[in-house]
Amino acid sequence: MHTINEADREKRSAALASITAAILLTGLKLSVGLSTGSLGIISEAVHSALDLLAAGITYMAVRYAAFPPDTGHPYGHGKIENLSALVETLLLFIACSWIIWEAIDRLFFTHVEVRPSLWALGVMVISILVDISRSRMLRRVAKKHRSQALEADAIHFSTDIYSSAVVIAGLLALYVAEALPETSTLRPWLKQADALAALGVSAIILRIGWNLGRRAVNVLLDANDEPTAFAIRAALEKITGVKAITALRLRHSGPNLFADLTLSVAKGLLIDEIEQIRTEVESAIHKVAAHTEISVVFVPYEDGLPQDRIMKLRGLAALHGLVPHAVEMFDLGNGHRVIELHVEFPPETTLQDAHAQVSVFENAVQTAEEKHVTIVTHIEPLSTQKRETLASPADSERIRDAIRRIVAQEPLVRDVHNILVHSNSEGNCVSFHGRMEPNTSVDKAHSVCKRLETALHTNLPELSRITVHMEPFQE
């Protein structure tokens, strides 16, 4: 497993190799293009010069994209890579505009004599070999580290192979034109092959540039990744504890994917049961997209019933001195409904007294319900342990936002995830995970956790318990 520093070094090395190749090819193509007058080769020299600029932008992008999240960028700096890909696209469009203008001028207005040579052919062959090598290298590193900036470079340079082949075809056509008699009808057309080759280069660049630019814009605007979202939904629907996917939002940032989910689960689940569901959810999503930062909010599942129906039942129970939990309602069709709930009594209460109190409550429910209803009430002793449940959605979101804001101000912590907000008789409780550099000492990590706990207690005095789990940051 590579650490983030090793990945960063490998991406920078690939970008520097691309810069070196671009310098070499730009110099060769420009010198040969000017000496022969070939617009095809000059256009390739301009293309390579822009490759050099793009490679420099890519190098800076992969360098700054590796910076950890901070207060102003809680999701990190990964989108610098996507912005780099968009800038590359704009540079390609500028180059194409000049090449197309010059080619049309040579075809219809200004005659320029092109002198084909073996040097010109040799430079283009060298260009193809270099582009094959660096596009393969960039594609391998981009796939390994999920870098859109390096992927854009790889696609960019793979198109250079085809554009160079078009220029070679134009130069060969000039050789054929020189060999034909002056009276040949093909000779004038073949003489124009160089300008036509330049137009062919531009067409290739525009097509690939459009696809690159569209992808970069989609990521920068947080467009939904439908294929990945569909695959994640399909995976989550197989998890028994997940009753409904209330919300699913995905956003890409450089090599990372962030998934924000709201999942409905059965009412009355214990914290341990919810954590087990969380583990299964994260495992299922990582099988779809391995490098995904996941944030999950759990809400009670209403089974398609209005919220006020359960609130009405709880109110009716309160009138009879009961506090039910683990309430479930099921519509069986044909006007038949089943209600299941648990009710606690002090351990010394006799079964006769408990049953009598429950029976009065059940009769009241039967009278209030408009459908035929079967009520199953589980009588159990009052628990000596504090009962913990999920906090309300409004409290949960407010506390989660505060935690993210406070953790973002701690420079040694890379991110915060797995935030769980729950409540008990003493108030709200929170637990969350954070990541730090693997070589951080336990003593320093513990000090950071203490600072976070102090800041959270200061900003959120209603929290009765804070649990911070710190773990090493890995790619």
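In the predicted model, the buried residues of helix α11 are A354, V358, F361, E362 and V365. Around the helix axis they cover an arc of only 105°, which puts them on the same side of α11. An α-helix has 3.6 residues a turn, so residues three or four places apart point the same way. Exposed residues, namely Q352, N363 and T367, are carried on the face of α11 turned away from its buried side. Helix α11 comprises the 18 residues 351-368. At 1.5 Å a residue these should span 26 Å, which agrees with the 26 Å that separates the end C-alpha atoms of α11.

The model also contains an open sheet of 3 strands, arranged in the order β1-β2-β3 with mixed pairing. Strands β1 (residues 244-253) and β3 (residues 292-300) stand at the edges; each has a single partner strand, so one side of each is left without a neighbour in the sheet. On average, neighbouring strands of this sheet are turned by 10° against each other, direction ignored.

Strands of a sheet pair through backbone hydrogen bonds, in either the parallel or the antiparallel sense. Here, β2 (residues 256-265) pairs with β3 in the parallel sense, over 9 bridges. Within this part of the sheet, D260 has S295 of β3 as its bridge partner. Helix α8, formed by residues 226-236, packs on the sheet and touches β1 and β2. The direction of α8 makes about 140° with that of β1.

Conventions
Residues numbered from 1 in each chain as written. Predicted model: local features only at pLDDT ≥ 70, side-chain atom pairs only at ≥ 80, totals over all residues. Heavy atoms only, no water. Pairing = 2+ DSSP bridges. Helix = DSSP H or I, 4+ residues; strand = E, 2+ residues; numbered from the N terminus. Axes fitted to C-alpha atoms, helices over the stretch in contact; angles between N-to-C directions. Contact = heavy atoms within 4.5 Å. Expected span 1.5 Å × (residues − 1). Buried < 20%, exposed > 50% of the residue type's maximum accessible area, 1.4 Å probe, protein only. Arc of directions from axis to C-beta.
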